[in-house]
Amino acid sequence: MEVVIVDDNSPDGTQEVVKQLKISMVQTELSFTPELASLDSVAAYIDGLGKCTGDFVILMDADLSHHPKFIPEFIKRQQETGCDLVTGTRYMANGGVYGWDLNRKLTSRVANFMAATLLNPSASDLTGSFRLYKREVLESIMPKVKSRGYVFQMEIITRAQYLGFTIEEVPITFVDRIYGESKLGPGEILSYIKGLVDLFIDI
């Protein structure tokens, strides 16, 4: 098993935690590049994905808003179906969100509604990022990705669908972070709307 951690300049003390993990996780290949901490989230994702060497890649937030307890369900679903991508969803039976205020819940719902209206997706949760990919799927999609910000995850799964890759869903519960703070703000919301329209035109 390998663990690739990329810091996108998040204010949650990622670098200090990784230094401690490198001491305790001696049996795990742990890759971390602190010199890239000034990257935005998309550049951090791209850099991290480029360092993955396994046949399958699980992408998740490391602040425990994506709980590792769901990983076996992702693996089981992929093994049962042979699909190319398994994505976690908050918006099906047994899925949900905890710790968000009403404003954040409405923002997420509206974002997914807008995406569903414009893109006709097969997945129910386009803005989530807790996913399992075949590495070959990422290698096929990443050169085509143009988005930045919160549209990035949506573009990957939408392009996967339109390129004919098979997608399965697993219900997850998303828990708002305990440490650090979200970078979602008015600028990111406007960027999302622009990116969504650009993706609609491009797809």
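The model is a predicted one, and its helix 7, which spans residues 186–202, takes part in both of the contacts described here, one with helix 6 and one with helix 4.

**Helix 6 and helix 7**

- Helix 6 covers residues 151–162, and its axis comes within 10 Å of the axis of helix 7, with the two crossing at roughly 20°.
- Because angles under 35 degrees count as roughly parallel, helix 6 and helix 7 are described as roughly parallel to each other, and their crossing is right-handed.
- On the side of helix 6 the contact is made by V151, M154, E155, T158 and R159, while helix 7 contributes S191, Y192, G195, L196, L199 and D202.
- Sorted by class, the residues of this contact between helix 6 and helix 7 comprise five nonpolar, three polar and three charged.

**Helix 4 and helix 7**

- The axis of helix 4, a helix made up of residues 102–119, also comes within 10 Å of the axis of helix 7, and here the crossing angle is roughly 15°.
- Helix 4 and helix 7 are therefore roughly parallel to each other, and helix 4 passes helix 7 in a right-handed crossing.
- The residues that make this contact are T107, A111, N112, M114, A115, L118 and L119 from helix 4, together with I189, Y192, I193, L196, L199 and F200 from helix 7.
- The contact of helix 4 with helix 7 includes 11 nonpolar and two polar residues, but no charged ones.

**The cavity**

- The largest cavity has a volume of about 40 Å³, and its lining is formed by H66, G88, R90, D125, G128, S129, F130, I172 and F174.
- By class, the lining of the largest cavity divides into three nonpolar, four polar and two charged residues.

Notes: Residues numbered from 1 in each chain as written. Predicted model: local features only at pLDDT ≥ 70, side-chain atom pairs only at ≥ 80, totals over all residues. Heavy atoms only, no water. Axes fitted to C-alpha atoms, helices over the stretch in contact; angles between N-to-C directions. Helix = DSSP H or I, 4+ residues; strand = E, 2+ residues; numbered from the N terminus. Parallel < 35°, antiparallel > 145°, perpendicular 65-115°, else oblique. Left-handed = near helix turned anticlockwise from the far one by under 90°. Contact = heavy atoms within 4.5 Å. Nonpolar A, V, L, I, M, F, W, Y, C, P; charged D, E, K, R; others polar. 1 Å grid on protein atoms, 1.4 Å probe; cavity = no way out; pocket = protein on both sides within 12 Å on 5 of 7 lines; lining within 4 Å. Points joined across faces, edges and corners; volume = space filled by probe spheres on them.
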